[in-house]
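Visitor: I'd like to learn how to read a few features off a protein model. Could you walk me through some?

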Amino acid sequence: MQDDHRDAASHDFGALFRRVREVAQTLPGAQLAQRQLERVETRVLGELKHRLDHLDPDDACGATRAGASGRQPGLQERAARLLARAEEQTPEQATDALFHLLLDQLVADELLILKALAKEAAVPLLHVAVGPRLGPATQRLVSNVSGLGKLAGVRLLGQTPAYIARLRALGLVESAAEDDRLEIKYQMLEADGAVREAVEQAKPGALSTVHYQRRVLRLSDLGRAFWDACAPHD
């Protein structure tokens, strides 16, 4: 039954792309448009096949029935299905489902960061804030300053702080207290151009000062288990 759903979906997408190709042939630069469309078609059909291959048969049938009737499953129906599945699945199956969900939420750069952290015990991390000289920081200037993006070889280097924030929100990485052995690396982060610019713009007054909050970043237990399960074999 699942093969029938996969074949039907592939046929529908194939027909759609054939129609688009017919239209593209009438446009200026038809040959270039045709080549670009063929590449898109290959990627879309490949992704569709991957998702259908990993789709639960009950979900596939349910989705087909819902599409035929025009009715989407209600919240209670969906919850009931999940609860029924929870009673039947093994811990290994539950872990696999969780890891698939996590992987679907990551971009390639974030996976590069996890790969780099898997090879490092801890990486220096810096937050910069301002506040009273004798009290706690009250205003965060920049967060998640790190050399991890360069270390990991991410493509969007400026997005490294955001990547770290997302990985923390997913529970794959965690921060810990300052490591005194990384003193020189902390000093390098504090001298970073983005940090200096943020401090200059904040212009702390006579009664306030800059607080450099030194931390380390590392894989969480979940992140370690996730990477061990997902890491491609070299």
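Visitor: Let's start with one side chain: is Glu183 buried, partly exposed or exposed?

Guide: Keep in mind that this is a predicted model. Buried means under 20% relative accessible area and exposed means over 50%. Glu183 comes out at 29%, so it counts as partly exposed.

Visitor: Which residue forms a salt bridge with Glu183?

Guide: The general idea goes like this: side chains of opposite charge can pair when their charged atoms come close. Here the partner is Arg214, with the closest N and O atoms 2.7 Å apart. Arg214 sits in strand β4 and Glu183 in helix α9 (residues 183-190), so the pair ties together parts that are 31 residues apart in sequence.

Visitor: How many salt bridges does the structure hold?

Guide: There are 7. One of them joins Arg218 to Glu174, with 3.0 Å between the closest N and O atoms. That pair links strand β4 to strand β3, 44 residues apart.

Visitor: What do the strands themselves do there, β3 and β4?

Guide: They run antiparallel, joined by 5 bridges. Glu174 has Arg218 as its bridge partner in β4.

Visitor: How do I read an aromatic pair?

Guide: A pair of rings is described by the distance of the centres and the angle of the planes. This structure holds 1 such pair. Phe99 and Phe226 are 5.5 Å apart centre to centre, with 85° between the planes, which makes the pair edge-to-face. Phe99 lies in helix α5 and Phe226 in helix α11, so the contact ties together parts 127 residues apart in sequence.

Visitor: Which residues have the most contacts inside the largest nonpolar core?

Guide: Ile113, Leu114, Leu117 and Leu148, in a core of 21 residues. Elements giving two or more residues to this core include α5, β1, β4 and α11. Helix α6 gives the largest share, 4 residues.

Visitor: Where do nonpolar side chains form a patch on the surface?

Guide: Look at Leu98, Leu101 and Leu222, with about 240 Å² of accessible area together. Leu98 lies in α5 and is partly exposed, at 38%.

Key
Residues are numbered from 1 along each chain as its sequence is written. This is a predicted model: local features need pLDDT of at least 70, side-chain atom pairs count only at pLDDT 80 or more; totals for chains, interfaces and linings use all residues. Side-chain values use heavy atoms; hydrogens and water are left out. Patches are made of residues with over 30% relative accessible area and no salt bridge: like charges are joined within 9 Å, nonpolar side chains (Val, Leu, Ile, Met, Phe, Trp, Tyr) within 5 Å. Accessible areas come from the Shrake-Rupley method with a 1.4 Å probe; for residues, only the protein chains shown count as cover. A salt bridge is a side-chain nitrogen of Lys or Arg within 4 Å of a carboxyl oxygen of Asp or Glu. Buried means under 20% relative accessible area, exposed over 50%, partly exposed in between (1.4 Å probe, protein chains only). Two strands pair if DSSP finds at least two bridges between them. Rings of Phe, Tyr and Trp (its six-membered ring) pair if their centres lie within 6.5 Å; planes under 30 degrees apart count as stacked, over 60 as edge-to-face and the rest as tilted. A nonpolar core is a set of buried Ala, Val, Leu, Ile, Met, Phe, Trp, Tyr and Cys residues joined through side-chain atoms within 4.5 Å.
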